[in-house]
Amino acid sequence: MDLESIFEIDKKRVADKLTLNPDYFDALSEGQKPEFLYAECSDSRVTAEDLMGINPGEVFVHRNAVNMLASTDNNVNAMVKYAAE
């Protein structure tokens, strides 16, 4: 896959989303307040949204290598702080 193909696929994705819901991207721009935090492996084969059958913004997802949540990891600390607040 080349970069041009990626942009063409994204244009189609945008058009498809707007066909189903003309306000899709406006709704996304309103921010997010998910009720759940989900930590998952950074494996790129499946997304949390696909696993749970949800839309972007319905769950706060943190992806990292092998689900390691070490207290010395600044990314993990920032994620927990954001989720808690």
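These legends walk through views of one predicted protein model. Residues are numbered from 1 along each chain as its sequence is written, and side-chain values use heavy atoms, leaving out hydrogens and water. Because the model is predicted, local features need pLDDT of at least 70 and side-chain atom pairs count only at pLDDT 80 or more, while totals for chains, interfaces and linings use all residues.

**View 1. Helices and strands of the protein chain.** Look for four helices and two strands, which are DSSP runs (helices: H or I, at least four residues; strands: E, at least two) numbered from the N terminus. Their order along the sequence is α-α-β-α-β-α. With a radius of gyration of 16 Å, well over the 12 Å that the globule rule gives for 85 residues, the protein chain is more spread out than a compact globule. This radius is taken over C-alpha atoms, and the rule is 2.2 Å times the number of residues to the power 0.38. The C-alpha trace spans about 45 × 30 × 20 Å along its principal axes.

View 2. Two aromatic pairs turn up in a search of the whole structure. Rings of Phe, Tyr and Trp (its six-membered ring) pair if their centres lie within 6.5 Å; planes under 30 degrees apart count as stacked, over 60 as edge-to-face and the rest as tilted.

**View 3. Cover around Tyr24 and Phe25.** Tyr24 is buried, at 12% relative accessible area, whereas Phe25 is partly exposed, at 28%. Buried means under 20%, exposed over 50%, and partly exposed in between (1.4 Å probe, protein chains only).
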